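Here is a short note for your first look at this chain. Keep the sequence and the 3D view side by side, and take the points in order.

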Amino acid sequence: MTRPTCLVITASGWVSAMADEHRAEASSLYLFGYYTGSSVVGALVGLPFSRSGWAGASLFVGALVVLAALIAAWLVAVTRRTQAAATPGAS
């Protein structure tokens, strides 16, 4: 089994373990998003690759990584604010 496949299986198991209810639905939604996203990005990366070769494809993927990091940071901040607001006595 290749490393990316192991990561997908591990993440899929983690998603269902973290779900309080509807574990099968949570896992299937994760896998749907994973494979849909990889298909769409795989198709879209062909556009910069066809115009600029590997440099264009690398810049495209790098931009996606930066975007993912920004979204993750935003989600962490929102989660922390929500948890602090829900905690009694939090300021």
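Predicted model: local features only at pLDDT ≥ 70, side-chain atom pairs only at ≥ 80, totals over all residues.

How are α2 and α3 oriented to each other: parallel or oblique? Point 2 gives the answer.

1. Residues are numbered from 1 along each chain as its sequence is written, and side-chain values use heavy atoms, with hydrogens and water left out. The chain has 3 helices and 0 strands. Its pattern along the sequence is α-α-α. Helices (H or I, at least four residues) and strands (E, at least two) are DSSP runs, numbered from the N terminus.

2. **How α2 meets α3.** Two packed helices are described by the angle between their axes and the distance between the axes. Helix α2 covers residues 23-44, and its axis comes within 9 Å of the α3 axis. The two axes cross at roughly 135°. Axes here are lines fitted to C-alpha atoms, for helices over the stretch in contact, and angles run from 0 to 180 degrees between N-to-C directions. Under 35 degrees counts as roughly parallel, over 145 as roughly antiparallel, 65 to 115 as roughly perpendicular, and the rest as oblique. So α2 and α3 are oblique to each other.

3. **The residues at that meeting.** From α2 come Val41, Gly42, Ala43 and Leu44. From α3 come Gly46, Leu47, Pro48, Phe60 and Leu64. Contact means heavy atoms within 4.5 Å.

4. Look at phenylalanine 60 in helix α3. Leaving aside neighbours within four places in sequence, phenylalanine 60 is in contact with Val41, Leu44, Val45 and Pro48. Valine 45 is 15 residues away from phenylalanine 60 in sequence, yet 6.8 Å away in space, C-alpha to C-alpha. Phenylalanine 60 has a relative accessible area of 24%, so it is partly exposed. The cut-offs are these: buried means under 20% relative accessible area, exposed over 50%, and partly exposed in between (1.4 Å probe, protein chains only). Leucine 47 also sits in helix α3. Leucine 47 counts as exposed because its relative accessibility is 55%.

5. Valine 15 belongs to helix α1 (residues 3-18). Its relative accessibility is 18%, so valine 15 counts as buried. Beyond residues up to four places away in sequence, valine 15 touches Ala26, Ser27 and Tyr30. Valine 15 and tyrosine 30 are 15 residues apart in sequence, and their C-alpha atoms are 7.4 Å apart. Now take serine 27, in helix α2. Serine 27 counts as buried because its relative accessibility is 15%. Outside four places in sequence, its contacts are Ser12, Val15 and Ser16.

6. **Tyrosine 34.** This residue is in helix α2. Tyrosine 34 is partly exposed, because its relative accessible area is 32%. Its C-alpha atom is 9.7 Å from that of serine 12, which is 22 residues away along the chain.

7. Most residues other than glycine have a negative phi. Histidine 22 has a positive one, near 55°. Find histidine 22 in the loop between α1 and α2. Its relative accessible area is 55%, so histidine 22 is exposed.

8. **The surface.** Which residues make the nonpolar surface patch of about 420 Å²? They are Leu67, Ile71, Trp74 and Leu75. Patches are made of residues with over 30% relative accessible area and no salt bridge: like charges are joined within 9 Å, nonpolar side chains (Val, Leu, Ile, Met, Phe, Trp, Tyr) within 5 Å. A salt bridge is a side-chain nitrogen of Lys or Arg within 4 Å of a carboxyl oxygen of Asp or Glu. Tryptophan 74 lies in helix α3, which covers residues 46-86. Tryptophan 74 counts as exposed because its relative accessibility is 54%.

9. **The whole chain.** Of its 91 residues, 10% count as buried. The chain exposes about 7,300 Å², and carbon and sulfur atoms supply 71% of that area. Accessible areas come from the Shrake-Rupley method with a 1.4 Å probe; for residues, only the protein chains shown count as cover.
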